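Open the model in your viewer and keep the sequence panel beside it. The tour below goes from one selection to the next.

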Amino acid sequence: MKRVMSAALSTALLGCGAVVVSAPTAAAGVRCDDNPIYTISDKKTVWEPTNVHSDWARPGVTISYAKNKTGSWTATGTATLGTEAGVIFAKASTSFSVSVGKTWSKSDTWTYSAKVEKKPGKTKGRLMMYHEAKGFSVTKYRLEPNGQQQCVKHKIWKKTGIVAPAKRNNNLWGIQYG
């Protein structure tokens, strides 16, 4: 009888042990994807001055500018993005439906003319080529378990004031006053 009782007790304990062993695995929680999530917001198109411009002229003078030169412009506000810049530019390009990047460069012969107008408080003007750029903010998230078997977005950081040049050759000429 003792042997039967001992065998029944051992079987019961082993059965309970199997339940105890599997219980922590079920309670461990959900595993979330480790890949960061970037969202683009505060989107706007801006026109940034390039390195292509005429000499300064006084009000009333018509400036003619013709020069073979390489126009270029580099993104601003990106110093803190580090190695994530490429991924963020790709995400911004998709968001704007326009390819953006860290730099833009174009060699061409630029030929334009315009008259420098009188402006209050300004004594000179020059022809300036502006290049299309995209201003935006980026927020980095990571999925984390919320303790209820779900993954929720957790904000890691937000960077504002990023301005990146459009890769396409879209420029605007105007008078810059000083």
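Select S137: is it buried or exposed? S137 is buried, with a relative accessible area of 3%; buried means under 20%, exposed over 50% and partly exposed in between, with a 1.4 Å probe and protein chains only. This is a predicted model, in which local features need pLDDT of at least 70, side-chain atom pairs count only at pLDDT 80 or more, and totals for chains, interfaces and linings use all residues. Residues are numbered from 1 along each chain as its sequence is written, and side-chain values use heavy atoms, with hydrogens and water left out.

S137 lies in strand β4 (strands are DSSP runs of E, at least two residues, and helices are runs of H or I, at least four, numbered from the N terminus).

Next, select helix α2, residues 85–96. Its buried residues are A85, I88, F89, A92, S93 and F96. Seen down the axis of α2, they fall within an arc of 140 degrees (taken from the directions from the helix axis to the C-beta atoms), so they line one face of the helix. They pack against β1, β4 and β5, where contact means heavy atoms within 4.5 Å.

Last, select C32 and C151, which a disulfide joins, S to S 2.1 Å (cysteine sulfur atoms within 2.5 Å). C32 is buried, whereas C151 is partly exposed.

Terms used: Expected span 1.5 Å × (residues − 1).
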